[in-house]
Amino acid sequence: MKIIYLETIKSVKRITKKLYLTEKLNFNHTFEITSLLLFCIFFGSKTSSKFNKNDINNNQILMDYFIRDIDHSLRLGGIGDMSIGKYVKTYVKRFYFRVSELENFFSKREGFDNNKFNEYLIKYNIIFNNSEINYTDNLINDLQSLIKRSQNLKINRNLYKDLFN
């Protein structure tokens, strides 16, 4: 699972290179994009007809890596030992709030609403304005592919192959 998390981080870097050419990248941007990718993996495995206890364990391992990464990044950013737990807890709560919002987009029976999802991306500063809409269409397609791969394949290092380029 460590390889999957590292591949997730590589994909985050590819996405940020495309989206943040003129904007200053910060921890919140990478947090939001990482949350989005992890959501896709979790959502895909959860909606799989083959969902089992092993998938739950794998998702928990990915989440543990994510929490350790948040902790590490905040420490590098200068947050002291005394308050680090509070900040990590805040980001974990944000992640689970994002999961509930994202489930609304990806589980709708009437289809995916690109415009509302673009509003979500702007709301959380993943994109900054409608000028990136062409890229977001590609992003949406890649996110949907990631969900399908998480449903249909045993999660492996090819999960991100040819995505987010």
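Colleague: How do you know that the span of helix 4 is close to the one expected at 1.5 Å a residue?
Modeller: Keep in mind that this is a predicted model. Helix 4 covers residues 84-106, which is 23 residues, and 33 Å is expected for that number. From its first C-alpha to its last, helix 4 reaches 33 Å, close to the expected value.

Colleague: Thanks! Let me step back to the whole chain. Which elements is it built from?
Modeller: The chain has six helices and zero strands, so reading from the N terminus gives α-α-α-α-α-α.

Colleague: What makes the chain as compact as a globular protein of that length?
Modeller: Here we set one radius against another. The globule rule gives 15 Å for 165 residues, and the radius of gyration of the chain is 16 Å. Along the principal axes, the C-alpha atoms fill a box of roughly 45 × 40 × 25 Å. Of the contacts with a separation of 6 or more, 64% are between residues 24 or more positions apart.

Colleague: Why is helix 2 called roughly antiparallel to helix 3?
Modeller: The axes of helix 2 (residues 27-46) and helix 3 (residues 53-76) cross at roughly 175 degrees and come within 10 Å. Angles over 145 degrees count as roughly antiparallel, and that makes helix 2 roughly antiparallel to helix 3.

Colleague: Which residues meet between helix 2 and helix 3?
Modeller: On the helix 2 side, they include Phe-27, Phe-31, Leu-38, Ile-41 and Phe-42. Among those of helix 3 are Leu-62, Met-63, Phe-66, Ile-70 and Leu-74. By class, the contact of helix 2 with helix 3 has ten nonpolar, five polar and one charged residues.

Colleague: Why is Arg-98 called buried?
Modeller: The cut-off for buried is under 20% relative accessible area. Arg-98 has 8%, so it is buried. Arg-98 lies in helix 4, and, not counting residues up to four places away in sequence, it touches Glu-32, Tyr-120 and Tyr-124. Other buried residues of helix 4 include Tyr-91, Phe-95, Glu-101 and Phe-105.

Colleague: And what makes Thr-16 buried?
Modeller: Thr-16, in helix 1, has a relative accessibility of 8%, so it counts as buried. Leaving aside neighbours within four places in sequence, Thr-16 is in contact with Leu-25, Thr-30 and Ile-33. Thr-16 and Ile-126 are 110 residues apart in sequence, with 8.8 Å between their C-alpha atoms. Also buried in helix 1 are, among others, Ile-4, Val-12 and Leu-19.

Colleague: How do you know that Ser-150 counts as buried?
Modeller: The relative accessibility of Ser-150 is 4%, so Ser-150 counts as buried. It is found in helix 6. Its contacts beyond four places in sequence are Cys-40, Ile-41, Gly-44, Ser-45 and Leu-159.

Colleague: Why does Lys-123 count as exposed?
Modeller: Exposed means over 50%. Lys-123 has a relative accessibility of 52%, so it counts as exposed. You will find Lys-123 in helix 5 (residues 114-123).

Colleague: One last pair. Are Asp-162 and Phe-164 buried or exposed?
Modeller: Asp-162 has a relative accessibility of 58%, so it counts as exposed. Phe-164, at 1%, counts as buried. Asp-162 sits in the segment after helix 6 (133-152), and Phe-164 is found in the segment after helix 6 too. The phi of Asp-162 is positive, near 65 degrees, in a residue other than glycine. Phe-164 is not a glycine either, and its phi is positive at about 60 degrees.

Methods
Residues numbered from 1 in each chain as written. Predicted model: local features only at pLDDT ≥ 70, side-chain atom pairs only at ≥ 80, totals over all residues. Heavy atoms only, no water. Buried < 20%, exposed > 50% of the residue type's maximum accessible area, 1.4 Å probe, protein only. Helix = DSSP H or I, 4+ residues; strand = E, 2+ residues; numbered from the N terminus. Axes fitted to C-alpha atoms, helices over the stretch in contact; angles between N-to-C directions. Parallel < 35°, antiparallel > 145°, perpendicular 65-115°, else oblique. Contact = heavy atoms within 4.5 Å. Nonpolar A, V, L, I, M, F, W, Y, C, P; charged D, E, K, R; others polar. Expected span 1.5 Å × (residues − 1). Rg over C-alpha atoms; globule rule 2.2 N^0.38 Å.
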